Amino acid sequence: MTILKELYNGNICPGEKFVKKSGEYQKLMIKLSGCVDKLIPMIGDEGRDLWDEIRETELSMEVISDRESFIDGFCIGARMMLEVMSEDRTDRTVL
């Protein structure tokens, strides 16, 4: 099956690809979790509501940013393929 058919049939979902939860990402996640655990008792319930709203807003912004980065990357790749396919290769030496 072609990649376009796979994409059309929903077998390829680039937006659902996640970062591996290991290595550098995992270290940063542990650090963030520790900071949040220290912060929550300091800010109380009202502060917790605001914190949750901040995080939800950041996550929404991240989804938009990830989508736009994916689209930009795809467009760059497509332009590269167009360039490669349109160049005259008859003057190239075979190695």
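**Close-up views of a predicted model**

**View 1. The lining of the second largest pocket.** Ile3, Leu4, Leu7, Ile12, Pro14, Phe70 and Phe74 line the second largest pocket, a pocket being an open set of points on a 1 Å grid over the protein atoms alone, with protein on both sides within 12 Å along at least five of seven lines, and lining residues having an atom within 4 Å of a point. Helix 1 (3-8) and helix 2 each give two or more residues to this lining, and helix 1 gives the most, with three; helices are DSSP runs of H or I, at least four residues, numbered from the N terminus. The model is predicted, so that local features need pLDDT of at least 70 and side-chain atom pairs count only at pLDDT 80 or more, while totals for chains, interfaces and linings use all residues. Residues are numbered from 1 along each chain as its sequence is written, and side-chain values use heavy atoms, with hydrogens and water left out.

View 2. A search of the whole structure finds one aromatic pair, in which Phe70 and Phe74 are tilted, at 6.5 Å centre to centre and 35 degrees between the planes (ring centres pair within 6.5 Å; planes under 30 degrees apart count as stacked, over 60 as edge-to-face and the rest as tilted). Both residues lie in helix 2, four residues apart, about one turn of the helix.

**View 3. The kink in helix 2.** Helix 2 has a kink of about 120 degrees, centred on Gly44, the bend at a residue being the angle between axes fitted to the seven residues ending there and the seven starting there.

Terms used: 1 Å grid on protein atoms, 1.4 Å probe; cavity = no way out; pocket = protein on both sides within 12 Å on 5 of 7 lines; lining within 4 Å. Phe/Tyr/Trp six-rings, centres within 6.5 Å; stacked < 30°, edge-to-face > 60°.
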